[in-house]
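Student: I have a structure to read and would like to go through it feature by feature. Can we start with the DNA?

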Number of protein chains: 2
Amino acid sequence: MVLDVSERLGFDIKATEVALMARKATALREVGLTVAQYAALLTLRDNPGITGAGLARSCLVTPQAAAAVLKALEAKGLVQRESDDWNRTARPGRLTPEGARILRSADARASRIEQQVHDALTPKQRASLRQLLETCRAALADD
Amino acid sequence: MVLDVSERLGFDIKATEVALMARKATALREVGLTVAQYAALLTLRDNPGITGAGLARSCLVTPQAAAAVLKALEAKGLVQRESDDWNRTARPGRLTPEGARILRSADARASRIEQQVHDALTPKQRASLRQLLETCRAALADD
DNA sequence: TGAACATTATCAAGCCTTTGATAGTTGCCA
DNA sequence: TGGCAACTATCAAAGGCTTGATAATGTTCA
């Protein structure tokens, strides 16, 4: 009745995600960024003026997690957020010139990793993998 | 030259893993376990006497991470490790009866989630997904 | 207008995980 | 036998994530 451990797909998915994260983390450490910080910068580049809450949604994390990353990026001077003079509700953030510079350098490294995965599969295989993962997510959608 | 963000497979893999973890975490919270603790108990059940280092390898984490989880499980009385009288090198761990009991309850809940994913795919699709993920991992293997 | 609801931001506490460093144990072999 | 390499355990610090709770602002609509 209980699924055999070796039959569980979760392990394969996790193992792949862990391997990908490990490679990215190593590559990004050279430019002083964590994977979470890189993901945030990438999202800010494509969505200038996004709020912390919006960033959280894009990155699939809680607003609190996004806020912590934003705080670190602000401290590094890579992101600028509108001042919170007397409690503003939304505080849009955007890359600073330095943030954009660092991101270009980081993206060159990180996208190389993604490219390796990309190149290891044929277009059909990539489409198939996306489709299969989407099916898994659909099966996990609350029910 | 740089891969378009929407084309990166990392996001799909991560999104699926996040969804799976979220569902499991919710299900396991009912029995007072975290996903990491559940994974450790499962590994201990199938490998009685495994060391912290071995557990770390099985769970794809560092020995430090495994040690932290083991410590929490010991504190809960779910795992027992041989005493460290004067600095033993390896300290094998195993489930306590209570640990085995909790694990059965946890596994019933967690494997139900895995079963949902399992059932959403045909045997061919499952094999295909495994194969594609394996190809990704191979592409990521240090080179 | 005013109340209810949704959204945004934060503080706090607790876990998990990593890197880096330290130390004891075991095993192989020159 | 001596010594080096590999393995095991553990402390410490830093990041990132979560749940839970609080507070201020926006929005909708009766």
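Student: Which residues are closest to DNA strand C?

Tutor: A residue is near a strand if one of its heavy atoms lies within 4 Å of it. Here 23 residues surround DNA strand C, and the closest are T89(A), T34(B), T62(B), Q64(B) and T89(B). Sugar and phosphate make up 78% of the DNA strand C atoms that come within 4 Å of the protein. First, the ground rules. This is a predicted model: local features need pLDDT of at least 70, side-chain atom pairs count only at pLDDT 80 or more, and totals for chains, interfaces and linings use all residues. Side-chain values use heavy atoms, without hydrogens and water; residues are numbered from 1 along each chain as its sequence is written, chains are lettered from A and ligands numbered from 1 in the order in which they are written.

Student: Which helices supply the surface near DNA strand C?

Tutor: Helices are DSSP runs of H or I, at least four residues, numbered from the N terminus. α3 (52–59) of chain A and, from chain B, α2 (35–46) and α4 (63–75) each supply at least two residues. The largest share, four residues, comes from α4(B).

Student: What do side chains touch on DNA strand C?

Tutor: Look for polar contacts, pairs of N or O atoms within 3.5 Å. The side chain of R91(A) has an N or O atom 2.7 Å from a phosphate oxygen. Q64(B) places a polar side-chain atom 2.7 Å from a base oxygen. For T89(B), the partner is a sugar or linking oxygen, at 2.6 Å.

Student: How many residues surround DNA strand D?

Tutor: 20, with T34(A), T62(A), Q64(A), T89(A) and T89(B) the closest. A side-chain N or O atom of T34(A) is 2.3 Å from a phosphate oxygen of DNA strand D.

Student: What area is buried between chain A and chain B?

Tutor: Interface size is often given as the accessible area lost when the parts come together. The sum runs over both parts, with a 1.4 Å probe. Here that is about 5,200 Å², and carbon and sulfur atoms give 67% of it. L9(A), R130(A) and L140(A) supply 14% of what chain A buries against chain B, more than any other three residues.

Student: How many disulfides are there?

Tutor: A disulfide is a covalent bond between the sulfur atoms of two cysteines. The test is a sulfur pair within 2.5 Å. The count over all chains is zero. For C136(A), the nearest cysteine sulfur belongs to C136(B), 13 Å away.

Definitions and conventions:
A polar contact is a pair of N or O atoms within 3.5 Å; within protein, one must be able to donate a hydrogen and the other to accept it, and residues adjacent in sequence count only if both atoms are side-chain atoms. Buried area is the accessible area (1.4 Å probe) that two parts lose on being put together, summed over both.
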